[in-house]
Protein chains: 4
Amino acid sequence: MWVKTVTPGFGDIDGLRHINNCKLPVWFELSREPVFRLFHPNLSLDGWQLIMARISVDFVAQMRLGSDITIHTFIRKIGRSSMTVFQEAWQNGQLGAKGEAIIVYFDFENEKSIPIPDAIRVELEKHFVLSDNLSLKTRSGRFPEIASS
Amino acid sequence: MWVKTVTPGFGDIDGLRHINNCKLPVWFELSREPVFRLFHPNLSLDGWQLIMARISVDFVAQMRLGSDITIHTFIRKIGRSSMTVFQEAWQNGQLGAKGEAIIVYFDFENEKSIPIPDAIRVELEKHFVLSDNLSLKTRSGRFPEIASS
Amino acid sequence: MWVKTVTPGFGDIDGLRHINNCKLPVWFELSREPVFRLFHPNLSLDGWQLIMARISVDFVAQMRLGSDITIHTFIRKIGRSSMTVFQEAWQNGQLGAKGEAIIVYFDFENEKSIPIPDAIRVELEKHFVLSDNLSLKTRSGRFPEIASS
Amino acid sequence: MWVKTVTPGFGDIDGLRHINNCKLPVWFELSREPVFRLFHPNLSLDGWQLIMARISVDFVAQMRLGSDITIHTFIRKIGRSSMTVFQEAWQNGQLGAKGEAIIVYFDFENEKSIPIPDAIRVELEKHFVLSDNLSLKTRSGRFPEIASS
């Protein structure tokens, strides 16, 4: 698990005085930096080979101004050339949102995906979500009948 | 179908010179305004009764600076108290991204969902995705094997 | 004068239910696109030669969700290698904010400014703020004793 | 001086691979939180009495992805009912941007400014820019002939 702390700003809450839902993809992207660094250690953009295929966020509880938010980042799945990142946003000991991002290792020049090298795969696996350190099944969302990730 | 046009700004592209993935949730939210107005005609925030349960975006093709982006907004599903909005972002005649948002009609005071009134349901149905005006099945994403919405 | 219309989104207002001040630089940048296009007609980023030196915004009146905002963009000053853009944000017939941006025509490779070509200078001059079509002197800000641009 | 560290995200750089200029107002606002807390200790928005009158940013050097940015926040001036905040953004030991924000202590209901209480004034003064700990005169901007704050 990687951990990143962010401070919500005055402009991050909306008229309902909750964190606006569009901020979560931003904070989740910021917190995926260690994943990016496994492929591009100093984040150099020349020769960048990662592309986003999909993002999703489930909103679990309202988050507010005034307390830091901690983002937990895990790896949920590793495919041949893609990986699924699972993330949670916690504020004051409460889960506020969780999300997934599917990232593809990608050759932009030839427009096709590339197999993830074994050395990186091993590093990714160190951050796997484990059922015993994260009781995912019992963490229902705000609207368990409709929201699932 | 509702239609909204947005102009990407200089800061909306990232170091790869593509629209940053985090902009899509922002533009999709902006384009859901007609849905919000069915419940709150003048967008007054007093007594606001809509809450986001989930968003997802599939990235289909890279979008760039220099051309407007057109957002198409449909209703895909209407439940007892929630609705699923389906949206597409088009640039230069090409589908760049598609997404879903699940919105719940919600009583913030009592913290529970409310049934969608029939009069609003009828209006929402006018914007249903129809299989014959939107050939969804043939619109595969960038990575058809992993991305699905 | 160039004119651009933007629609404020749900996340653009903050907890006070006014447009968050940080949105103005974003909308002003978006509305400077015609200025950028005088130098780079199709906004191609290869060989881009404009750099921001300074931005400022004066907040004149609160802007809100629910009505479009119209951005007026003028040229206030043209120097040897820099230009000052003056912009206003109007909502419902009321001036909400005004701002300036100083842009420098710049050779990134040699890290020095370049003289603005006469052909572009002529185009820029067509958008000069004129004292008779814009009664600037009478448009005081919210706090005339402190805010001036 | 208050200090806040932010990590630039992938979407915070633009097509030139520099931090987009519109991010600075966002990070500066975030870093003014301790100023806000002098007036509203727990950032409660009920009865909020601060309003932005003006912001400005001078861009001094390009900032990039890959290293944290440290924001220094000072008080430059205290008037009867307003204060001028001065801020700097540093990356890798280099000044990247500096800015000012004029904030007014404000009674929203009666739409008029309020005198800053002495107790808060004393706290603000503890964060004054001092000429000997900040050699402002020697810190010229990128374009000393045009940019000044």
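The points below concern a predicted model and go from the chains to the strands.

1. Symmetry of chains C and A. Two copies of a chain are related by a rotation about an axis and a shift along it.

2. Contact between chains C and A. Nine residues from chain C and nine residues from chain A make up this contact. On the side of chain C that touches chain A, four residues are nonpolar, three are polar and two are charged. Because 100% of the interface residues of chain C are also interface residues in chain A, the copies meet through the same surface.

3. Contact between chains A and B. In this contact, 25 residues of chain A meet 25 residues of chain B. On the side of chain A that touches chain B, the elements giving two or more residues are α1 (23-31), β2 (50-59) and β5 (94-107) of chain A. Of these, β2(A) gives the most, with eight residues. That side of chain A divides into 16 nonpolar, five polar and four charged residues.

4. β2(A) and strand β2 (residues 50-59) of chain B run antiparallel and are joined by five bridges. Within this pairing, S56(A) has S56(B) as its bridge partner.

5. Helix α1 of chain B. Is this helix mostly covered or exposed? Helix α1 (residues 23-31) of chain B is mostly covered, with nine of its nine residues buried. Among them are the charged residues K23(B) and E29(B), as well as W27(B) and F28(B).

6. Strand pairing within chain A. β5(A) pairs with β2(A) in the antiparallel sense over nine bridges, and V57(A) stands opposite G99(A) of β5(A). Strand β4 (residues 82-91) of chain A also runs antiparallel to β5(A), with ten bridges joining the two; A89(A) has A97(A) as its bridge partner. Two bridges link β5(A) to the antiparallel strand β6 (residues 112-113) of chain A, where S113(A) is the bridge partner of F106(A).

7. Hairpins of chain A. Which residue takes a positive phi in the hairpin of β4(A) and β5(A)? N92(A) does, near 50 degrees, and this hairpin has two residues between the strands. The hairpin of β5(A) and β6(A) has four residues between the strands, and there E111(A) takes a positive phi near 55 degrees.

Terms used. Residues numbered from 1 in each chain as written. Chains lettered and ligands numbered in written order. Predicted model: local features only at pLDDT ≥ 70, side-chain atom pairs only at ≥ 80, totals over all residues. Contact = placed C-beta atoms within 7 Å. Buried ≥ 20, exposed ≤ 12 C-beta atoms within 10 Å, placed from the backbone. Pairing = 2+ DSSP bridges.
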